[in-house]
Amino acid sequence: MRITTWPQLVLGRPFRRAGHRTALVAAGLPLHLAVVPLWLWLAGTMAALVRAPGALAVTPLPVLLTLGLTPLLTAGQRRRYRALGGKDLPRPAVPGPGRNRKSVVRRLTTRALWRQACYHAVAGPLLAVLDLAVLAVWAAALVAASIYVWIWALPPQWRVTDLGYTTQAAYITAGGLALLFLGPRLTGALVRLDTRAAEVLLGPSRAEKLARRVADLAESRAGVLDAADAERRRIERDLHDGAQQRLVSLAVNLGLARSTLGDLPEDVRKVIDEAHREAKEAIAELNDLVRGLHPAVLEDRGLDAALSGVAARLPIPVRVAVDLPRRPSPTVEAVAYFVVSEALTNVVKHAQATRADVTVERIRETLLVVVADDGAGGADLAAAVDGTGLAGLAKRVASVDGTFSCRSPAGGPTVITVELPCAP
Amino acid sequence: MRAVIAEDSLLLRIGVVKVLEAAGFEMCAQVADAEGLLAAVEEHRPDIAVIDVRMPPGFTDEGVRAALVIRRQYPGTAVLLLSQYVEERYAADLLAANTSGVGYLLKQRVADVEEFTEAVRRVAAGGTALDPQVVAQLLVRRHSDPLDRLTPREREVLELMAGGRSNSGVAAELVVSESAVAKHINSIFTKLDLPKADADHRRVLAVLRFLGIATA
């Protein structure tokens with residue numbers, strides 16, 4: 001539990017961090033002023049231009065020096081914020097160090113560097129003025145608030161003539177206290193302004209931040225997809241090593257009982273028959289389930305073998321042509337597999353087709369999957385129930401940044417084309 | 001008949017052993033990997049080896065490779081592969097090397113005890129046994145060729161032939177008379193332009209043509 005005392009209630013919150021903030025402002029002053037001599041130099045050479053045009057040759061120097069100092073000053077500002085502000089300024093993407101001319105030029109032409117130089121050369125001096133003002137407020141506040149102490153402490157001959165234990169001094173004390181009250185707020189405002197300027201100009205630009213965010217999101221999404229795939233494979237393996245083997249064993253035993261125990265009463269034989277049939281059905285159902293999760297054949301042998309398996313189980317003839325020089329990533333393989341298997345299921349269910357064709361090929365960095373049938377057509381992406389059928393396929397494809405198209409005029413044929421990006 | 005089994009899943013191994021023993025096979029050896037299998041075949045020279053496709057250490061196609069070695073080095077030993085799923089390339093590899101004394105079935109078929117023992121006997125006696133799913137899957141690969149001229153019924157007959165059935169087996173499966181089957185088979189031979197040699201050889205050729213293994 002936090003106990004708030006009276007002084008804290010009156011002065012507490014603003015004062016709690018005032019010390020740190022004032023230190024931050026004070027430390028900022030020299031850094032903000034660092035480029036000012038270079039400005040003065042530049043102004044001086046400009047002025048000299050009037051009399052001696054030869055000075056033109058010198059004018060780029062202050063600018064180049066500013067750019068040269070920028071990384072140093074930026075590092076200084078970062079340290080200041082880390083040590084006194086308790087925060088890390090985000091870093092923009094800057095080309096790595098290098099001593100050759102090319103990398104120096106590359107570094108000089110980055111926007112990040114110029115924005116940073118802008119902070120040091122333009123915002124810096126302006127902030128320095130405010131820094132000075134705030135520090136002056138603090139100094140005046142401390143001195144004025146403690147005016148009686150000064151009067152008491154200083155020998156009489158040092159005193160300003162008409163200042164003594166007078167009512168005037170009481171006003172000064174009151175003014176000082178008012179400034180003390182204002183001080184933390186002014187400091188806070190300045191720190192906010194400074195921080196904002198530093199974040200905007202020293203950190204990455206908005207575009208860069210968005211780009212970074214997109215990259216992060218893409219990476220985390222890929223991670224989630226991979227994890228989901230890995231999980232499916234794990235479940236498949238567990239089922240294969242456990243329940244599937246056990247069910248087969250059960251069915252074998254029941255089959256043995258049925259064929260070896262010849263002299264059984266009719267009703268017992270019936271029960272065993274039934275159990276045997278159900279065990280076999282359970283195996284078939286479990287196999288279907290496993291195929292829906294992540295078939296082992298896909299992991300072991302790739303798309304060609306897995307899709308042939310899908311096609312072979314369908315009641316209509318399906319031709320499968322898979323032409324892949326190399327196997328795509330497991331995630332892309334899984335998406336391609338489910339697209340084809342779901343599309344073929346749809347063909348059988350709805351299309352009244354007599355045959356279907358599946359082609360999978362790789363064109364540069366794209367996996368092209370085409371499923372065509374000679375059915376009645378009229379498949380509608382929009383009309384599909386959410387999360388199932390075509391809409392589900394489109395979503396699954398979109399999850400890996402693929403494109404999905406379905407052309408299905410009334411009367412047919414239906415052609416589903418899917419493009420999946422895969423790394424080279 | 002004498003048999004060895006190579007299967008790394010203990011439950012299934014016990015199941016197969018029980019089924020085969022009940023069917024009168026003498027189980028000479030039970031092993032869990034390809035190396036053990038080759039040693040057991042060398043030692044016992046069994047009539048048939050029942051082999052899991054995926055076995056330690058790689059869990060890929062150890063069983064298929066061992067089966068090919070066995071068929072080459074010990075012609076007296078037939079091989080029957082058991083697989084969790086259909087990989088038609090394995091079946092094709094196996095059949096390309098040998099057309100007799102080989103089989104390829106899904107593991108779950110062991111549960112159909114009578115049919116399984118029938119298939120094992122057939123393979124051990126030098127015949128073939130292909131899982132209906134293997135046959136269906138091989139069909140997916142077939143592009144336009146004489147097979148397209150077959151009627152659906154003839155196709156069915158050919159599929160069953162590919163699975164290793166005799167004429168009477170096909171007739172029983174399709175619930176037609178044996179003479180009807182013979183008629184279908186003759187029609188198949190004609191449509192596939194198979195030479196008029198002895199019937200068994202034509203049968204094998206038709207099946208190979210069907211599976212896309214023999215081209216002539």
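# Chat about chains A and B

Colleague: In chain A, what share of the contacts with a separation of 6 or more comes from residues 24 or more positions apart?
Modeller: Such residues account for 74% of those contacts in chain A. Two residues are in contact if their C-beta atoms, placed from the backbone, lie within 7 Å.

Colleague: And in chain B, for contacts between residues at least 6 apart in sequence?
Modeller: There, 65% join residues at least 24 apart.

Colleague: What am I looking at, and how is it numbered?
Modeller: This is a predicted model: local features need pLDDT of at least 70, side-chain atom pairs count only at pLDDT 80 or more, and totals for chains, interfaces and linings use all residues. Residues are numbered from 1 along each chain as its sequence is written, while chains are lettered from A and ligands numbered from 1 in the order in which they are written.

Colleague: How many helices and strands are in each chain?
Modeller: Chain A has 14 helices and five strands; chain B has ten helices and six strands. Both are DSSP runs numbered from the N terminus: helices are H or I with at least four residues, strands are E with at least two.

Colleague: How much of each chain is buried?
Modeller: Of the 424 residues in chain A, 29% are buried. For the 216 residues of chain B, the share is 44%. A residue is buried if 20 or more other C-beta atoms lie within 10 Å of its own, exposed if 12 or fewer, and partly exposed in between, with C-beta atoms placed from the backbone.

Colleague: Where do the chains touch, and how many residues are in contact?
Modeller: On the chain A side 28 residues are in contact with 26 residues of chain B. Helix 9 (206-260), helix 10 (266-293), helix 11 (296-301), helix 12 (303-312) and strand 1 (318-323) of chain A each supply at least two residues of that side. Helix 9 of chain A gives the largest share, twelve residues.

Colleague: Which classes of residue are on that side of chain A?
Modeller: There are 14 nonpolar, nine polar and five charged residues. Ala, Val, Leu, Ile, Met, Phe, Trp, Tyr, Cys and Pro count as nonpolar, Asp, Glu, Lys and Arg as charged, and the others, Gly among them, as polar.

Colleague: Now the chain A sheet. What is the strand order?
Modeller: It is an open sheet of five strands in the order 1-2-3-5-4, with mixed pairing. Two strands pair if DSSP finds at least two bridges between them. Strand 1 and strand 4 (403-407) of chain A are the edge strands, each pairing on one side only.

Colleague: How do strand 4 and strand 5 of chain A run?
Modeller: They run antiparallel, and five bridges join strand 4 to strand 5 (residues 414-421) of chain A. S405(A) has T417(A), in strand 5 of chain A, as its bridge partner.

Colleague: Which strands does helix 13 of chain A touch?
Modeller: Helix 13 of chain A packs on the sheet and touches strand 1, strand 2, strand 3 (366-373) and strand 5 of chain A. Its direction makes about 10° with that of strand 3 of chain A. Angles run from 0 to 180 degrees between N-to-C directions, and axes are lines fitted to C-alpha atoms, for helices over the stretch in contact.

Colleague: P325(A): buried or exposed?
Modeller: P325(A) is exposed, with 6 other C-beta atoms within 10 Å. Its place is in the loop between strand 1 and helix 13 (330-351) of chain A. The C-alpha atoms of P325(A) and E361(A) are separated by 8.9 Å, and the two residues are 36 apart along the chain.

Colleague: Over to chain B. What about its sheet order?
Modeller: Chain B has an open sheet of six strands, order 2-1-3-4-5-6, with parallel pairing. Its edge strands are strand 2 (26-31) and strand 6 (128-130) of chain B. Four bridges join strand 1 (residues 2-6) to strand 3 (residues 48-52) of chain B, and the bridge partner of A6(B) is I51(B) in strand 3 of chain B.

Colleague: Which residues of helix 4 of chain B are buried?
Modeller: In helix 4 (residues 88-97) of chain B they are E88(B), Y90(B), A91(B), L94(B) and L95(B). Seen down the axis of helix 4 of chain B, they fall within an arc of 155°, so they line one face of the helix. The arc is that of the directions from the helix axis to the C-beta atoms.

Colleague: At what angle do helix 8 and helix 9 of chain B cross?
Modeller: The axes of helix 8 (residues 167-174) and helix 9 (residues 178-191) of chain B cross at roughly 110° and come within 8 Å. The two helices are therefore roughly perpendicular to each other. That term covers 65 to 115 degrees; under 35 counts as roughly parallel, over 145 as roughly antiparallel, and the rest as oblique.
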